[in-house]
Amino acid sequence: GGLFGHDQDEKIDVFSRGDYLYVNVDPSTPQGLEHAKDLGLAESGLADIVFTSYAHGGSKLFNPVHRGRFFAIFRHPMERAASLFYYRQTATWE
């Protein structure tokens, strides 16, 4: 990914931002996930957790030796429908 220019990095590394440590990949895009795979994110052992909206792409980071676990959080379908209903009543820009 392109966050802070790390899409050009040629090796996996950790950097700090405030009080937090991050790995120099951006899993929020398919290109960033591919870059993370190319750099060997799973094999490096540097990340404890990977957040991505791309479940299939994220699963490609791992292999039988360097396994990952997947979990998802979903809103209740009726809550989503009610939220969309009320949102569309006020959203004049759509």
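**A chat about a predicted protein chain**

Trainee: What share of the contacts in the protein chain with a separation of 6 or more comes from residues 24 or more positions apart?

Mentor: Such residues account for 38% of those contacts, where contact means heavy atoms within 4.5 Å. This is a predicted model: local features need pLDDT of at least 70, side-chain atom pairs count only at pLDDT 80 or more, and totals for chains, interfaces and linings use all residues. Residues are numbered from 1 along each chain as its sequence is written, and side-chain values use heavy atoms, with hydrogens and water left out.

Trainee: Which elements does the chain have, from the N terminus on?

Mentor: The order is β-β-α-α-α-α. Helices (H or I, at least four residues) and strands (E, at least two) are DSSP runs, numbered from the N terminus. The radius of gyration of the protein chain is 17 Å, well over the 12 Å that the globule rule gives for 94 residues, so the chain is more spread out than a compact globule. That radius is taken over C-alpha atoms, and the globule rule is 2.2 Å times the number of residues to the power 0.38.

Trainee: Turning to α1, which of its residues are buried?

Mentor: In helix α1 (residues 30-39), they are Gly 32, Leu 33, His 35, Ala 36 and Leu 39. Buried means under 20% relative accessible area, exposed over 50%, and partly exposed in between (1.4 Å probe, protein chains only).

Trainee: And why are they on the same side of α1?

Mentor: They cover an arc of only 160 degrees around the axis, which puts them on the same side of α1; the arc is that of the directions from the helix axis to the C-beta atoms. An α-helix has 3.6 residues a turn, so residues three or four places apart point the same way.

Trainee: What do the buried residues of α1 pack against?

Mentor: They pack against α2 (41-44) and α3. On the other side of α1, Gln 31 and Asp 38 are exposed.

Trainee: What follows α1?

Mentor: Gly 40 does, with a positive phi near 80 degrees.

Trainee: New topic: is Ile 73 buried or exposed?

Mentor: Ile 73 counts as exposed because its relative accessibility is 75%. Its place is in the loop between α3 (55-59) and α4 (77-90).

Trainee: Where is Phe 85?

Mentor: Phe 85 lies in helix α4 and, at 48% relative accessibility, counts as partly exposed. Phe 85 and Phe 62 are 23 residues apart in sequence and 39 Å apart in space, C-alpha to C-alpha.
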